[in-house]
Every structure is written in structure tokens, then in C-alpha cells.
Amino acid sequence: MGELVRFSVSVEDDLLESFDRLIERQGYGNRSEALRDLMRDALVRAHLDERPKAADVLGTLTIVYDHHATDLADRLTALQHDHYRLIISVLHVHISHDDCMEVIVLRGPARRVRALADALISIKGVKHGRLFLTIPAKKITDRRK
Ligand code: NI
């Protein structure tokens with residue numbers, strides 16, 4: 001953790017009022033913590049955007065599917081076994097009589113993680129899927145550029 005630095009920011013009053021209402025609804029105790037989170041999120045997104053070939057990213061892929069769909073569960077499982085080195089863990093939840101949700105925790109090269117997520121989401125019968133990517137915490141404020 002770096003040393004705390006204070007700085008001032010000029011902003012339109014209506015923008016600041018809206019921001020304050022938002023962060024209060026979100027449960028932030030003060031602007032500083034909300035601003036720190038926005039800065040970290042921007043840095044993570046920039047890191048991922050600027051390094052499409054990043055060697056080490058972390059991801060969670062959430063997919064929802066009907067387990068009755070023909071061959072779907074087998075295809076999802078086979079594809080995950082084909083890429084087992086990218087998969088840290090899988091959480092399976094039976095969310096109704098028909099539907100399942102899986103949260104697949106991934107770690108590896110960005111391109112391979114994205115490609116596996118795209119392949120899983122695009123299998124016929126997957127109703128919804130979304131990949132969330134982040135990076136190891138120490139890289140968020142990496143001073144090397
Ligand atoms: Ni299930």
C-alpha cells in the first residue's frame with residue numbers, strides 16, 4: 001500500500017450531488033473510498049484493454065442453462081475437461097426444476113480465458129452467460145509501465 005496523498009478536485013455541483021446520492025445508496029461511508037474503488041476499476045479495465053495478451057488474468061464465467069437440452073450438459077463438461085488447466089473451480093447450482101447455473105472460476109492467459117468463455121456461452125442451449133475479468137491485486141497499482 002502506498003502513502004496516503006490528499007488532492008482537490010473541481011466538479012460541477014449537480015454532478016457532485018448526484019455522485020454523493022449514488023455512493024450513499026451503495027453504502028460508502030465517504031467519497032474517498034468510493035473514488036478509490038472507481039480508480040481501481042478504471043486501472044483494471046485499462047490493464048485488460050491495453051494487454052489483450054496478458055499472461056495472467058482471473059475470471060468468473062456465469063452461465064445459465066436448461067439441463068434437459070439435448071447433450072448440453074455433456075458438451076459443457078467435455079469442453080471444460082478439454083481446458084481443465086484454465087479452470088480453478090466450478091460451482092453448480094440447481095436454480096429450478098429445469099435450470100442450472102454454473103459459476104466457473106478461471107485463471108490463465110487472457111486470450112485463452114476469453115476464448116473458453118466464448119465457446120461455453122455460445123453452445124446452443126446456454127440461455128445467458130457473462131464473463132467478468134480481473135487481475136491479481138498486486139498488478140492494479142503496478143508502477144512499471
Ligand atoms: Ni443443475
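Is Arg-51 buried, exposed or partly exposed, and what is its relative accessibility? I looked this up and found 28% relative accessibility, so Arg-51 counts as partly exposed, where buried means under 20% relative accessible area, exposed over 50%, and partly exposed in between (1.4 Å probe, protein chains only).

I noted that this is a predicted model, in which local features need pLDDT of at least 70 and side-chain atom pairs count only at pLDDT 80 or more, while totals for chains, interfaces and linings use all residues. Residues are numbered from 1 along each chain as its sequence is written, and side-chain values use heavy atoms, with hydrogens and water left out.

Next I turned to salt bridges (a side-chain nitrogen of Lys or Arg within 4 Å of a carboxyl oxygen of Asp or Glu), and a search of the whole structure gave 8 of them. Arg-51 forms one with Glu-50, with the closest N and O atoms 3.9 Å apart.

I then looked at Asp-56 and Arg-107, whose side chains meet in a salt bridge at 2.8 Å, N to O. This pair links distant parts of the chain, 51 residues apart, since Asp-56 is in the loop between helix 2 and strand 1 (57–66) and Arg-107 is in strand 3 (residues 99–108); helices (H or I, at least four residues) and strands (E, at least two) are DSSP runs, numbered from the N terminus. Arg-107 is partly exposed, with a relative accessible area of 36%.

Last, I checked Asp-41 and Arg-45, which form a salt bridge of 3.1 Å, N to O, and both lie in helix 2 (residues 31–50), 4 residues apart, about one turn of the helix.
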